[in-house]
Structure formats: C-alpha cells, structure tokens
Amino acid sequence: MGITLEENLVERNIKINSTMPDDSTTSMHRDILKGSSSEIDGQIHYVVTLGEKYSLDMPTYKKISSWAKAQNIK
C-alpha cells in the first residue's frame, strides 16, 4: 500500500501512554458510552473493507466490526 511507518512508532506510543492518567479513555469510547456517533466507521469498519480489498486476513478487526454492528454502535 506504499505506507512507511516510523521505526520507533511502538516505543513512541508507549512513552505517550505511560504519561496519561490511569482513567484516560479515547474519544471514541466516550462517544460510544454517551450513545453518540463515533469514529468506528473509519477506524474499524473501513479497515475491514481495505483488508478485503487487498486480500488481507484481519480476524480481530472483523470480529470487532461484527460485534459493533450487532450492538448497533455507530
């Protein structure tokens, strides 16, 4: 797909997350808890669509996507 990631991406994110309060959560999580629209289409469902387009096996994303659809999470 022509995407180049930084070599230290995992380390960078661990460092960022280690400075956050223990009760931190994501905006998508807060939106879902409130029953508001979330970014699930772009962050989960679209990833599954791209995986299918490029013949990539994405069992975890597919499972989450199916579960979210069954729960009517938007």
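Helices here are DSSP runs of H or I with at least four residues, strands are runs of E with at least two, and both are numbered from the N terminus. With that settled, S65 lies in helix α4.

Before I go on, this is a predicted model, in which local features need pLDDT of at least 70 and side-chain atom pairs count only at pLDDT 80 or more, while totals for chains, interfaces and linings use all residues. Residues are numbered from 1 along each chain as its sequence is written, and side-chain values use heavy atoms, with hydrogens and water left out.

Let me start with α4 itself. Helix α4 covers residues 59-70, which is 12 residues. From its first C-alpha to its last it reaches 16 Å, close to the 16 Å expected at 1.5 Å a residue. The expected span is 1.5 Å times one less than the number of residues in the helix.

Back to S65. Is S65 buried or exposed? S65 counts as buried because its relative accessible area is 5%; the cut-offs are under 20% for buried, over 50% for exposed and partly exposed in between, with a 1.4 Å probe and protein chains only. S65 touches I44, H45 and V48, leaving aside residues up to four places away in sequence. Contact here means heavy atoms within 4.5 Å. The C-alpha atoms of S65 and Q43 are separated by 9.8 Å, and these two residues are 22 residues apart along the chain.

Now the core. Which residues make up the largest nonpolar core? There are 5: M28, I40, I44, A68 and I73. A nonpolar core is a set of buried Ala, Val, Leu, Ile, Met, Phe, Trp, Tyr and Cys residues joined through side-chain atoms within 4.5 Å.

I40 is one of those core residues, and I40 lies in helix α3, residues 40-53. I40 counts as buried because its relative accessibility is 5%. Not counting residues up to four places away in sequence, I40 touches M28, H45, A68, I73 and K74.

Next, two backbone points. S55 sits in the loop between α3 and α4, and S55 has a positive phi of about 55° although it is not a glycine. S55 is exposed because its relative accessible area is 66%.

The other one is N72. It comes in the segment after α4, and its phi is near 60°, a positive value in a residue other than glycine. N72 is exposed because its relative accessible area is 52%.

M1 lies in the segment before α1, which is 9-18. M1 is exposed because its relative accessible area is 63%.

N17 is in helix α1 and counts as partly exposed because its relative accessibility is 49%. The C-alpha atoms of N17 and V48, 31 residues apart along the chain, are separated by 26 Å. R30 is found in helix α2, residues 27-34, and is partly exposed because its relative accessible area is 41%. For R30 and K69, 39 residues apart along the chain, the C-alpha separation is 18 Å.
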